Amino acid sequence: MKKITALIFLFSIFNSSAQEFGKNYYSFDASYFYGTIAEHNPDIAHLITGHPTGLILGFNKKSFGFEDWEKRYNYPDVGASFTYQDMKNPSLGENYGLYAHMNFYLFKRNLMFRIGQGLAYASNPYHPDDNYKNNAYGSRLLSSTYLMANYKKENIFEGLGLQAGLSLIHYSNADFKSPNASTNTITFNLGVNYALDHQNLPNYIPKGPREKYTEPIHFNFVLRSGVNTMGIIGSKQYPFLTFSAYADKVLNHKSTLQAGTEVFFSKAMEERIYYQSVAFPSGNTTGEEDSKRVGVFVGHQLNFDKLSVITHLGYYAYFPYEHFVDQLYNRVGLQRKITEDLWASLTVRSHYANAEAVEFSIGYRL
C-alpha cells in the first residue's frame with residue numbers, strides 16, 4: 001500500500017514528545033524471522049517457492065507519561081526500524097525497508113504490538129525482458145507496512161531481554177506503477193532487546209482520573225491528489241484530484257468520528273475507458289462513459305497528540321463506469337496537524353485488497 005514518507009509523520013512524534021525533564025530513554029531490538037508468502041492473489045502463486053527469511057532491527061524511544069497522550073496509550077514507544085528480507089524466489093529477489101513505528105503494550109507490558117510504515121527497496125522488480133515473472137513489484141521503490149505481535153520481556157539481565165512472536169510484512173506501490181500484485185509475508189520472529197541506561201529508568205507517571213473532553217461539530221474541506229496508472233502493465237502515470245467535504249465530531253481525546261462526501265476526477269480512469277473501447281470494440285465500453293465518481297463515507301480519526309491515524313469506509317453513490325474498481329472503497333493513512341486549522345495527510349485509497357492510489361492531501365478545518 002502506500003507512500004512516500006509516512007516516516008515524516010511518525011518521526012514528528014519525536015519532536016512533539018520532548019520530555020519535560022530533559023532526558024530521553026532509548027532501547028534497541030533485533031529479531032530474526034522465518035515465514036511464508038500468503039497467496040492473497042492467485043496471480044502471484046508462481047512466486048511462492050520458498051520460505052522467506054530476514055531481520056528486523058528496531059530503535060525505540062521509550063515514554064513514561066511526561067506527555068498526557070503517552071498516558072492515554074499506556075506509555076507507547078516511538079521509533080525507527082530496518083528490515084531485510086530474502087524472498088526465496090529469484091524473481092522477487094531481496095527487499096530492504098526503512099520504517100517509522102510505534103509500540104503499544106498490553107497485559108502488564110508483556111505483550112507488545114508494533115505497527116511500522118515506511119519505504120522499501122526491491123532489488124529485482126518487474127522488467128518486461130529481464131524479469132517478466134515478477135508481477136508483484138512494478139518498481140524498485142515500494143511502500144511497506146509491517147505488524148508485529150510479540151511476547152516481550154525486558155531487562156532480564158543487565159538491560160538485556162527477549163522477545164518472540166508473529167509479524168506480517170506487506171510490500172506494494174499502490175498502483176504508482178504497474179504491475180502491482182504485491183506480497184504479504186507471515187513470519188515467526190525471535191529476538192533480543194536491550195535498554196540503554198537501564199539502571200536509571202524512571203517510574204511511569206500515574207495516569208490519574210480520566211478527563212472528559214469533547215468538541216462541537218467541525219467542518220473540513222480537503223484537496224487530495226497524486227498519480228496512478230490505469231492498472232495495465234506499461235501504463236503511463238496519470239494525475240488525479242479529489243475534493244472532499246466532511247463533518248467531524250470529537251468524542252474524547254482519542255476518538256473523532258467523521259462523515260462526508262467527495263468527488264473524484266481520475267485521468268487514469270478516463271484513459272482506461274478509452275483503452276477498453278478501442279481494445280475491445282465489441283465489449284460493453286463505448287468510450288463515452290463518464291470517468292467521474294461521487295462518494296459518501298464515514299470514518300474514524302485516532303489521535304496521538306498532533307498525529308492521527310485515519311480510517312474511512314466509502315461508497316460510490318455516482319458510479320457510471322463499473323469496470324475499473326469496486327463500488328465500495330476504503331482509505332487508511334496518517335494525518336498531521338500543521339496549525340489549529342490546517343492539516344496534511346498521506347493515505348491509501350483501496351477497494352478491498354486492491355489499492356488504487358496514494359493520496360497527498362491538504363485540509364482546512366473550520
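# Questions about this structure

Visitor: Where in the chain is V348 placed?

Guide: V348 is placed in strand 15, which covers residues 342-351; strands (E, at least two residues) and helices (H or I, at least four) are runs taken from DSSP and numbered from the N terminus. This is a predicted model, in which local features need a pLDDT of at least 70 and side-chain atom pairs count only at pLDDT 80 or more, while totals for chains, interfaces and linings use all residues. Residues are numbered from 1 along each chain as its sequence is written, and side-chain values use heavy atoms, with hydrogens and water left out.

Visitor: Why is V348 called buried?

Guide: A residue is buried under 20% relative accessible area, exposed over 50% and partly exposed in between (1.4 Å probe, protein chains only). V348 has a relative accessible area of 2%, so V348 is buried.

Visitor: How do you know that E356 counts as buried too, and which residues does E356 touch?

Guide: E356, in strand 16 (residues 354-365), has a relative accessibility of 3%, and therefore counts as buried.

Visitor: What is the confidence in the model, and where is the pLDDT below 50?

Guide: pLDDT is the predictor's confidence in each residue, from 0 to 100, and the protein averages 91, with 94% of the residues at 70 or above. Over residues 1-21 the pLDDT is below 50, although this stretch has 73 contacts in the model beyond near neighbours in sequence.

Visitor: Why is the pair of Y75 and Y204 called tilted?

Guide: A search of the whole structure finds 18 aromatic pairs. Rings of Phe, Tyr and Trp (its six-membered ring) pair if their centres lie within 6.5 Å, and planes under 30 degrees apart count as stacked, over 60 as edge-to-face and the rest as tilted. The ring centres of Y75 and Y204 are 4.7 Å apart and their planes stand at 40°, so this pair is tilted. The two residues are 129 apart in the chain, with Y75 in the loop between helix 2 (68-72) and strand 3 (77-86) and Y204 in the loop between strand 8 (183-195) and strand 9 (218-228).

Visitor: Are Y75 and Y204 buried or partly exposed?

Guide: Y75, with a relative accessible area of 7%, is buried, whereas Y204, at 33%, counts as partly exposed.

Visitor: What makes the pair of Y99 and Y146 edge-to-face?

Guide: The centres of Y99 and Y146 are 4.8 Å apart and the angle between the planes is 75°, which gives an edge-to-face pair. Y99 lies in strand 4 (residues 94-106) and Y146 in strand 6 (residues 141-157), so the pair ties together parts 47 residues apart in sequence. Both Y99 and Y146 are buried.

Visitor: How do you know that the charged end of K254 sits over the ring of Y73?

Guide: A charge sits over a ring if NZ of Lys or CZ of Arg is within 6 Å of the ring centre and within 35 degrees of the ring normal. The charged end of K254 sits over the ring of Y73, 4.8 Å from its centre, and R293 lies over the face of F264, at 5.4 Å from the ring centre.

Visitor: Which domains is the protein divided into, and what area is buried between domain 1 and domain 2?

Guide: The protein is divided into domain 1 (22-207) and domain 2 (213-363), with bounds that come from an automatic or database domain assignment. The area buried between them is about 1,400 Å², of which carbon and sulfur atoms give 63%; buried area is the accessible area (1.4 Å probe) that two parts lose on being put together, summed over both. R72, Y73 and D175 supply 38% of the area that domain 1 buries against domain 2, more than any other three residues.

Visitor: Why is R109 called buried, but N74 partly exposed?

Guide: R109 has a relative accessible area of 15% and is therefore buried, while N74, at 23%, is partly exposed. N74 has a positive phi of about 60°, and R109 one of about 65°, although R109 is not a glycine.

Terms used. Contact = heavy atoms within 4.5 Å.
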